[in-house]
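Biologist: Hi! Could you walk me through this model? I'm new to reading structures.

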Amino acid sequence: MGEKTEKLLSILKLQPVVPVLIVDDAKTAVPLARALVAGGLKAIEITMRTPAALEAVRAVAAEVEGAEVGAGTILNVAHWEAAVEAGSKFIVSPGTTQELLDAAADSDVPLLPGAATASEVMALREEGYQVLKFFPAEQAGRAAYLKALSSPLAGTLFCPTGGISLKNANDYLSLPNVICVGGSWVAPKELVVAGDWAGITKLAAEAAALKA
C-alpha cells in the first residue's frame, strides 16, 4: 500500500485543484486537457458519467503531454478494469465497497476512495488508506467538518470534492489535512462547448495559483 500511496500523492501534489470533468464529446477531451495543463493543472479526473468518458481517458492518456489522467465515479470492478485499460493513472470513487477494495488490492493503479463520515474514514484506515476523497464536501459538512476530523484522525489526508468553487476552495486548502481539492468550475460546460480553450487555461491558472 505504501508504494501506491506515494504514487497517488505524487499526482495529487502537482496542484491545489484537480479538475473533475464530465466529458460529453470525446473530441473535446484532448484540447480541454491541453488547456488545463497549459494553465498548470496536470492531474485531471474524467468521470465515468457519460458514454464518451472512456474514449476521453484513452485520448488524453495517449495524446496530452504532461497530463496525469485519472478516472472518477468508478463504482464497480467492470468500471475499474475498463478505466485502467484506457490508461488511467489513478482511480477515484465516490464511496467504497469491498469489491472495489479488492480490485484496488490487485492493481498497481492507486485508488482515491470516497468517505463522508468518521466511521468510513476509520474503516479505510484499517485497509491501509491514508489519502481519501471527502465527498460530497459541501453537503457532508464543509471545511468545518474536515477541520474537526484533523485531530482525532490525524495522519489522514483528504481531497474534498463536491460543491467546491474558487470562492470556497481556500477554506479547504488552508486545512492541515487537505492535500488538494477537486472542482469542476475550471472547465465550465459553456466554455467547452464554445471551444474557448484560452478561457479554460485562464481559469486553470487561477486555480493553480491557489494556496496548496
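Biologist: What radius of gyration does the chain have, and what would a compact globule have?
Modeller: The chain has 16 Å, which agrees with the value near 17 Å that a compact globule of 212 residues would have. The radius is taken over C-alpha atoms, and the globule rule is 2.2 Å times the number of residues to the power 0.38. Please keep in mind that this is a predicted model, where local features need pLDDT of at least 70, side-chain atom pairs count only at pLDDT 80 or more, and totals for chains, interfaces and linings use all residues. Residues are numbered from 1 along each chain as its sequence is written, and side-chain values use heavy atoms, with hydrogens and water left out.

Biologist: Thanks! What box do the C-alpha atoms fill?
Modeller: Roughly 45 × 35 × 25 Å, taken along the principal axes.

Biologist: And how much of the chain is buried?
Modeller: Of its 212 residues, 51% count as buried. Buried means under 20% relative accessible area, exposed means over 50%, and partly exposed is in between, with a 1.4 Å probe and protein chains only.

Biologist: How many helices and strands are there?
Modeller: There are 11 helices and nine strands. These are DSSP runs numbered from the N terminus: helices are H or I with at least four residues, and strands are E with at least two.

Biologist: In what order do the strands of the open sheet come?
Modeller: Six strands form that sheet, in the order β5-β4-β3-β2-β1-β9, with parallel pairing. Two strands pair if DSSP finds at least two bridges between them.

Biologist: Which strands stand at the edges?
Modeller: β5 (111–112) and β9 (181–183) do; each has a single partner strand, so one side of each is left without a neighbour in the sheet.

Biologist: What joins β2 to β3?
Modeller: Five bridges link β2 (residues 43–47) to β3 (residues 68–72), and the two run parallel.

Biologist: Why is β3 largely enclosed by the rest of the structure?
Modeller: Four of the five residues of β3 are buried, so the rest of the structure largely encloses this strand.

Biologist: New topic: where does T117 lie?
Modeller: T117 is in the loop between β6 (114–115) and α6 (118–126). This residue counts as partly exposed, at 32% relative accessibility.

Biologist: How far is T117 from T5?
Modeller: They are 112 residues apart in sequence and 21 Å apart in space, C-alpha to C-alpha.
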